[in-house]
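Hi,

Here is the structure I said I would pass on.

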Amino acid sequence: MNLLEYFDKGFNYEQYITDVEDRLEAEIEVDDPKDYVQYYALGLQRMNRVFKTFKLTPVQEKRVKETNNNFKFLIITEGWCGDASQIVPVVEKLANALSVETKYVLRDENMGLMENYKTNGSISIPIIVAVSEEGEELFTFGPRPAYGMELLAKFKNNPDIYSSEEFHEDLQVYYNKNKGEDIVHEVLDLIDENVEN
């Protein structure tokens with residue numbers, strides 16, 4: 001599978017945000033039959049806030065300068081996804097700092113692609129795919145940082161003790177307190193491990 005064909009048809013970040021805004025408006029116009037309005041609205045609010053407030057730390061900036069950038073990011077996402085609204089703006093800011101091009105494709109319109117990026121059998125997003133100049137996958141990140149995956153495992157293993165509501169609340173608190181630090185650290189580690197000079 002050559003990922004460049006997906007990359008070439010993807011949105012840039014500004015186009016992706018505009019698409020999410022358009023989808024929110026469309027759902028409002030048809031009286032929100034899928035109950036997506038609240039998720040699109042919250043996702044937009046979060047993405048705009050995170051993109052506006054997130055900054056690399058001096059340590060991260062130094063590390064970025066020493067990091068290879070001969071690849072692109074293909075990001076599989078949806079505007080209604082809570083994890084995506086926290087992760088996507090951080091990855092976009094990191095990509096900007098690395099001078100790495102990003103393109104966004106929607107999961108629900110690219111299920112054939114998504115079949116290759118399931119997480120424990122589920123079609124969870126966002127999935128960030130590092131793509132070589134030749135269109136090959138170098139590594140993936142997602143659908144959430146390691147600690148978020150630990151929280152999910154805790155919920156899946158003990159839903160009677162640790163409820164879905166508690167999981168989502170703890171995940172949100174984690175994202176807000178961590179401020180993208182784990183996302184940047186984990187993605188930079190993956191670049192160091194998988195991208196050659």
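Lys72 touches quite a list of residues once you leave aside its neighbours within four places in sequence: Leu4, Phe7, Val100, Glu101, Val129, Ala130, Val131 and Glu133. This lysine sits in strand 1 (residues 72–77). With a relative accessible area of 16%, Lys72 counts as buried, because the cut-off for that is under 20%. Keep in mind that this is a predicted model.

Now the overall picture. The protein has 9 helices and 4 strands, and along the sequence they come in the order α-α-α-α-β-α-β-α-β-β-α-α-α. Its radius of gyration is 17 Å, close to the 16 Å that the globule rule gives for 197 residues, so the protein is as compact as a globular protein of that length. The C-alpha trace spans about 50 × 35 × 35 Å along its principal axes. Of the 197 residues, 48% are buried. If you take contacts between residues at least 6 apart in sequence, 75% of them join residues at least 24 apart. The exposed surface comes to about 10,500 Å², with carbon and sulfur atoms supplying 47% of it.

Helix 5 (residues 82–98) is worth a click. Its 17 residues should span 24 Å at 1.5 Å a residue, and the end C-alpha atoms are 25 Å apart, which agrees. Of those 17 residues, 13 are buried, so helix 5 is largely enclosed by the rest of the structure.

On to the rings. There are 11 aromatic pairs in total. One of them is Tyr147 with Tyr174, a tilted pair at 4.9 Å centre to centre and 55 degrees between the planes. That pair links distant parts of the chain: Tyr147 belongs to helix 7 (residues 146–157) and Tyr174 to helix 8 (residues 164–178), 27 residues apart.

Elsewhere, Tyr13, Tyr16, Phe51 and Tyr104 are joined into a cluster by ring pairs. Phe51 has a charge over its face as well: Lys93 lies there, 4.8 Å from the ring centre.

Finally, some backbone details to check before you set anything up. Two cis peptide bonds turned up:
- Ile125 to Pro126, with omega about 5 degrees; Pro126 is in the loop between helix 6 (111–114) and strand 3 (127–131).
- Gly142 to Pro143, also with omega about 5 degrees; Pro143 is in the loop between strand 4 (137–141) and helix 7.

Positive phi values also show up in non-glycine residues:
- Asp32 has phi near 55 degrees and lies in the loop between helix 2 (13–29) and helix 3 (37–53). At 19% relative accessibility, Asp32 counts as buried.
- Asn120 has phi of about 50 degrees and lies in the loop between helix 6 and strand 3. Asn120 is exposed, with a relative accessible area of 81%.

Cheers

Conventions: Residues are numbered from 1 along each chain as its sequence is written. This is a predicted model: local features need pLDDT of at least 70, side-chain atom pairs count only at pLDDT 80 or more; totals for chains, interfaces and linings use all residues. Side-chain values use heavy atoms; hydrogens and water are left out. Rings of Phe, Tyr and Trp (its six-membered ring) pair if their centres lie within 6.5 Å; planes under 30 degrees apart count as stacked, over 60 as edge-to-face and the rest as tilted. Helices (H or I, at least four residues) and strands (E, at least two) are DSSP runs, numbered from the N terminus. A charge sits over a ring if NZ of Lys or CZ of Arg is within 6 Å of the ring centre and within 35 degrees of the ring normal. The expected span of a helix is 1.5 Å times one less than its number of residues. Buried means under 20% relative accessible area, exposed over 50%, partly exposed in between (1.4 Å probe, protein chains only). The radius of gyration is taken over C-alpha atoms; the globule rule is 2.2 Å times the number of residues to the power 0.38. Contact means heavy atoms within 4.5 Å. Accessible areas come from the Shrake-Rupley method with a 1.4 Å probe; for residues, only the protein chains shown count as cover.
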